[in-house]
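This report describes selected features of one structure, taking surface charge, salt bridges, aromatic contacts and backbone angles in turn.

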Amino acid sequence: MTFEFGDIKTSQEIFYYLLQHHELREDKEQKLYRAYFENENIQMLVKSQGEASECKIERYGNTIYLIPDEGNTYLGFSKSQLKKLLCKSDAADKDYYLAQFVILTLLIEFYDGQGSSAKTRDYIRVGELLNSVSERLKEGADRMDEDEQDRVGIAFSDMLTAYEALKSDENGRKTKTTKEGFIHNILVFLENQGLIEYVVADEMVLTTKKLDNFMDWNILNENNYRRVLTVLGVNDDVEA
């Protein structure tokens with residue numbers, strides 16, 4: 001298949017824009033958005049560049065997203081990078097997995113995967129999130145012995161130990177060694193990725209349209225969602 005030079009040039013402009021911003025919105029860059037939306041050859045060229053760069057190009061609603069593949073540490077994050085960003089300096093693997101569990105818990109509090117949109121609430125208070133993480137960790141550790149935890153790949157007991165090792169600070173200090181600080185740091189990270197709005201003064205978390213789109217169109221396909229429910233103990237009848 002041959003492509004016109006103009007289409008190649010436009011596809012390169014679109015891909016470069018996505019590398020810079022990770023998303024291309026119709027209301028911000030209408031010309032580039034419409035070129036992608038209306039021209040199948042340009043779509044094919046942009047997706048091909050994405051594939052060569054170990055990422056996917058997906059359009060959800062009126063926005064085109066660049067989504068790094070798992071393991072793409074150039075456009076995404078490696079495990080060691082995330083551990084450094086999300087956890088205390090001497091963090092073990094259980095601290096890293098605890099951070100991932102906090103993110104999963106946050107997602108399940110906002111989305112239930114049902115109906116035309118998975119979203120079920122507009123905001124959550126940080127205190128409610130803290131309580132939910134604690135409750136779900138205890139439920140998982142009580143519900144599964146260590147062999148069962150190994151089978152589903154979620155070490156509830158280890159994560160609960162890591163969570164309980166974090167101090168509680170009534171003064172609300174945001175150090176990574178306190179529960180409040182640990183959660184705060186994760187929320188700041190998610191806000192920096194454009195996934196949530198974190199209103200620190202009100203201790204409130206809201207989702208962004210970007211996250212809503214990802215959850216509705218990509219992350220919460222039936223298989224992924226059912227596995228998340230099983231891991232968090234929401235649906236015991238589903239095979240993990």
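Predicted model: local features only at pLDDT ≥ 70, side-chain atom pairs only at ≥ 80, totals over all residues.

## Charge, contacts and backbone

The element that gives the most to the negative patch is helix 7, which spans residues 146-152 and supplies 3 residues. Glu146 lies in helix 7 and has a relative accessibility of 57%, so Glu146 counts as exposed, the cut-off for that class being over 50%.

Opposite charges are considered next. Side chains of opposite charge can pair when their charged atoms come close. A search of the whole structure finds 11 salt bridges. The table lists three of these pairs by name.

| Salt bridge | Closest N and O atoms | Relative accessibility of each residue |
|---|---|---|
| Lys56 and Asp69 | 3.1 Å | Lys56 44%, Asp69 26% |
| Asp93 and Lys79 | 3.3 Å | Asp93 36%, Lys79 35% |

Salt bridges that share partners join Arg121 and Glu128 with Glu109 and Arg136 into one network.

The salt bridge between Lys56 and Asp69 has its closest N and O atoms 3.1 Å apart. Lys56 lies in strand 2 (residues 55-60) and Asp69 in the loop between strand 3 and helix 4 (79-86), so this pair ties together parts that are 13 residues apart in sequence. Lys56 counts as partly exposed, and Asp69 also counts as partly exposed. Asp93 forms a salt bridge with Lys79. Because Asp93 belongs to helix 5 (residues 93-110) and Lys79 to helix 4, the pair ties together parts that are 14 residues apart in sequence.

The aromatic side chains form a further set of contacts. A pair of aromatic rings is described by the distance of the centres and the angle of the planes. The count comes to 8 aromatic pairs. One of them is the edge-to-face pair of Tyr65 and Phe214, with 4.7 Å centre to centre and 65° between the planes. Tyr65 lies in strand 3 (residues 63-68) and Phe214 in helix 10 (residues 209-219), so the pair ties together parts that are 149 residues apart in sequence. With a relative accessible area of 2%, Tyr65 is buried; Phe214 is buried as well, with a relative accessible area of 13%. Tyr96 and Tyr97 form another edge-to-face pair, at 5.3 Å centre to centre and 65° between the planes. Tyr96 counts as buried at 11% relative accessibility, whereas Tyr97, with a relative accessible area of 40%, is partly exposed. Tyr60, Tyr65 and Phe214 form one aromatic cluster.

Two residues stand out in the backbone angles. His22, a residue other than glycine, has a positive phi near 65°. His22 is placed in the loop between helix 1 (5-21) and strand 1 (23-25), and with a relative accessible area of 25% His22 is partly exposed. Glu203 has a positive phi of about 50° although it is not a glycine. The place of Glu203 is in the loop between strand 5 (196-199) and strand 6 (204-207). At 44% relative accessibility, Glu203 counts as partly exposed.

Conventions. Residues numbered from 1 in each chain as written. Heavy atoms only, no water. Helix = DSSP H or I, 4+ residues; strand = E, 2+ residues; numbered from the N terminus. Buried < 20%, exposed > 50% of the residue type's maximum accessible area, 1.4 Å probe, protein only. Phe/Tyr/Trp six-rings, centres within 6.5 Å; stacked < 30°, edge-to-face > 60°. Salt bridge = Lys/Arg side-chain N within 4 Å of Asp/Glu carboxyl O.
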